[in-house]
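Take a look at the structure below.

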Amino acid sequence: MSATATLPALLALFRIDRDLQQLHTGLENAQREQKRQQNKIDALQKDHDTQHTALQKLQADVAAKELDMKSRQEHIDKMRASLANTKTNKEYSAILVTISAEKAEVAKVETATLEQMAQVEAAQKSVAALKEAIASETQLLAKIQAEHGDKVTALNDQINALALRRAEAAKGVPPDALRQYDRVNQKFPGDAMAPVVYDENDLDDISCGSCYMGLNVEHLNAL
């Protein structure tokens, strides 16, 4: 096939590829917004799960401390009851010392428990806020998906239709020229070809219409 016949065939293929690239860009933008929103939800969910696990551990620690205080208080009550059965002052004093030590431990555990209960309350608020944020962002994702659903479907339909047109257009390009063109188009999607910009009255200023690289008269003649 002559160069005069090859060039129009390549141009026809190029125009299809340029339109395809624009459609693919639109599709990627629509999908990117959905993916970005999904990533935001995933990050919130991960944070929620981490904080919820920490909250459960705090609640378990509080429960353990409350059980410890209850056990110690029961021990104190039993020792107080046993005071009436003591036979010597020494025995009586020893029980009082033990009761005092247990009461000190109860006070210490109670202080730690109160601190952890405050932490639990703060953690519960944080987890609840994250849960609300996840619900809100999930609603926004659903809205984005609804808004983009028809758009994505339409873009995919157009892409499929153009792909069929491209396959037909490619049949009109010589195999060697098609291989060269496809290599360039793969590297620069939608920009495999560009016009040469020049003024017939000023052949010292010739350039590529895409990257604006300067060309000389020999390049122009070759093209």
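Here is a short briefing, grouped by topic.

This is a predicted model: local features need pLDDT of at least 70, side-chain atom pairs count only at pLDDT 80 or more, and totals for chains, interfaces and linings use all residues. Residues are numbered from 1 along each chain as its sequence is written, and side-chain values use heavy atoms, leaving out hydrogens and water.

**Helix H3**

- Helices here are DSSP runs (H or I, at least four residues), numbered from the N terminus.
- Helix H3 covers residues 175-187, which is 13 residues. It reaches 18 Å from its first C-alpha to its last, close to the 18 Å expected at 1.5 Å a residue. That expected span is 1.5 Å times one less than the number of residues.
- Ala177, Leu178, Tyr181 and Asn185 are buried in H3. Buried means under 20% relative accessible area, exposed over 50%, and partly exposed in between (1.4 Å probe, protein chains only).
- Seen down the axis of H3, these buried residues fall within an arc of 95°, so they line one face of the helix. The arc is taken from the directions from the helix axis to the C-beta atoms.
- The face turned away from the buried side carries exposed Pro175, Arg183, Gln186 and Lys187.

**Nonpolar cores**

- A nonpolar core is a set of buried Ala, Val, Leu, Ile, Met, Phe, Trp, Tyr and Cys residues joined through side-chain atoms within 4.5 Å.
- The largest core has 21 residues, and Leu13, Val173 and Tyr181 have the most contacts inside it.
- Helices H1 (3-82), H2 and H3 each give two or more residues to this core. H1 gives the most, with 9 residues.
- Apart from it lies another core of 8 residues, including Met69 and Ile99.

**Arg166**

- Arg166 lies in helix H2 (residues 89-170). It counts as buried because its relative accessibility is 19%.
- The side chain of Arg166 makes a polar contact with the side chain of Asp17 at 2.5 Å. For such a contact within protein, N or O atoms lie within 3.5 Å, one able to donate a hydrogen and the other to accept it; residues adjacent in sequence count only if both atoms are side-chain atoms.

**Salt bridges**

- A salt bridge is a side-chain nitrogen of Lys or Arg within 4 Å of a carboxyl oxygen of Asp or Glu. The count comes to 10 salt bridges.
- Arg72 pairs with Glu102 in a salt bridge, with the closest N and O atoms 2.6 Å apart. Arg72 lies in H1 and Glu102 in H2, so the pair ties together parts 30 residues apart in sequence.
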